[in-house]
Amino acid sequence: MKNLRELWGTRFIHYMTEFQKYMKYVVTGHLALVLVFAIGAGGYTYSEWLKEVSPDFPAALLTAIIIGAALAYSAPVTLLKPADAVYFLPMETKLDLYFKQSLRWSTFSQLPLPFILYIVALPLLSATETGTKAEFMWLAFFIVALKWIYIETEFYFRHAKGGEWVWGDRAFRFVSASFFIYLWLSPYPYLIILFAVLIGVYSTYWRKQKKNMPFPYEHFITLEQNRMMRFYRFANYFTDVPHLKGSVSRRGWLGFLLTPSRFEGADAQKYLVKRTLIRTDDIFWLWVRLTVITVLGAVFIPFPLVVYIFTAALAFASAIQLIYALRAGEEFRMDMLFPINKRSEAIRSTVRQVQWLQALLVLITALFTFGFGGTPFLLGIIVLAVSEITLQVTKEK
């Protein structure tokens, strides 16, 4: 039993070391600047909207749905490794201590998201006069309790079902948590007793069911590997992750963008860089996500000053991350065999082209929000100006 506790501690230290190793590249001045502007723009928009929100706005329902979704997603962090499928077999009946440590850390590490959503929802609840201070304090306690129960329930369910029907389990827990929170903020808070009993019975049922099933090592090992892979893919946007193998897709529907290359001078490198951006999943979807967020901001943020700041921050994030992503790669590339040292120029040209496309998309969508005035065209200019400044000030590799 002591060895299992020490094993968990050792793996946790290794996990945190690996996490900090890459997070120091993620949390840089660039990202901090983007976050400051994005949070500031979002906060200002939210505060201005709260001044005009109707008392009849369904604040309780919206809060219940959003926090319920954050609570329902409660995948356990086990830190299991492929070799455990063999070495843990003799100790299978004694693994409770190991998994208690795992579930405790899972609860602690996943609490920030629902709490952030809870804090963001408080001004809306106050503005619509939904609930009292005492009810808000108890709601914070309920969020902790529900997250703890849900982490254990999802672990029991995955154990009993071998990883099948997980989304059905999450759907049930989402509905239960949403009703629980909504009723607590409604004029009939005592009705939460019904859902509290239902949640407790549901968790107890799956706890008993998992005792009759062998532990599904392969499922939990795959779950853990996928979780770490998502983190590595995110970190790969900012720095090279040596053991990460990125996926590629042909994306033939974008073939018209890959005009035939003459393979002379910088033209060859431009062709290769553009092909890398289009066909590398991580890089391509990174730009798509940031562009979609920028477009949504231009559509849903009604305040020109706020949308200017928001758009500038996202344009900077798009340009800087594309530059670093296209610079990254293996230590050896086939194009290094040829005496064409124009890769940096090709990267700048490609990033400039896709940012022109982003500017055009932002301009078109902003026309629906602000009409044919100066604001949409100014947003397009901001995207182009910020992107160009970013390209000029970014140091050569």
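Contact here means heavy atoms within 4.5 Å. The model is predicted, so local features need pLDDT of at least 70 and side-chain atom pairs count only at pLDDT 80 or more, while totals for chains, interfaces and linings use all residues. Residues are numbered from 1 along each chain as its sequence is written, and side-chain values use heavy atoms, with hydrogens and water left out.

T394 lies in the segment after α15 (374-393); helices are DSSP runs of H or I with at least four residues, numbered from the N terminus. Because its relative accessibility is 8%, T394 counts as buried, a word that stands for under 20% relative accessible area with a 1.4 Å probe and protein chains only. Apart from neighbours within four places in sequence, T394 is in contact with I320, I323, Y324, R327 and R348.

A325 belongs to helix α13 (residues 304-327). With 10% relative accessibility, A325 counts as buried. Between the C-alpha atoms of A325 and I283 there are 6.5 Å, and the two are 42 residues apart along the chain.

Next comes helix α3. Its 14 residues reach 20 Å from the first C-alpha to the last, close to the 20 Å expected at 1.5 Å a residue; the expected span is 1.5 Å times one less than the number of residues. Buried residues of α3 include A59, A64, I67 and L71. The buried residues of this helix pack against α6 (112-127), α7 and α8 (166-184).

How do α3 and α7 pack? Two packed helices are described by the angle between their axes and the distance between the axes. For α3 (residues 59-72) and α7 (residues 133-161), the angle is about 40 degrees and the axes are 9 Å apart. Axes are lines fitted to C-alpha atoms, for helices over the stretch in contact, and angles run from 0 to 180 degrees between N-to-C directions. The two helices are therefore oblique to each other, a class left over once angles under 35 degrees (roughly parallel), over 145 (roughly antiparallel) and 65 to 115 (roughly perpendicular) are set aside. I67, A70, L71 and A72 in α3 meet I143, L146, K147, Y150 and E154 in α7.

F215 touches L80, E92, F99, F155, H159 and F220, not counting residues up to four places away in sequence.

Technical notes
Buried means under 20% relative accessible area, exposed over 50%, partly exposed in between (1.4 Å probe, protein chains only).
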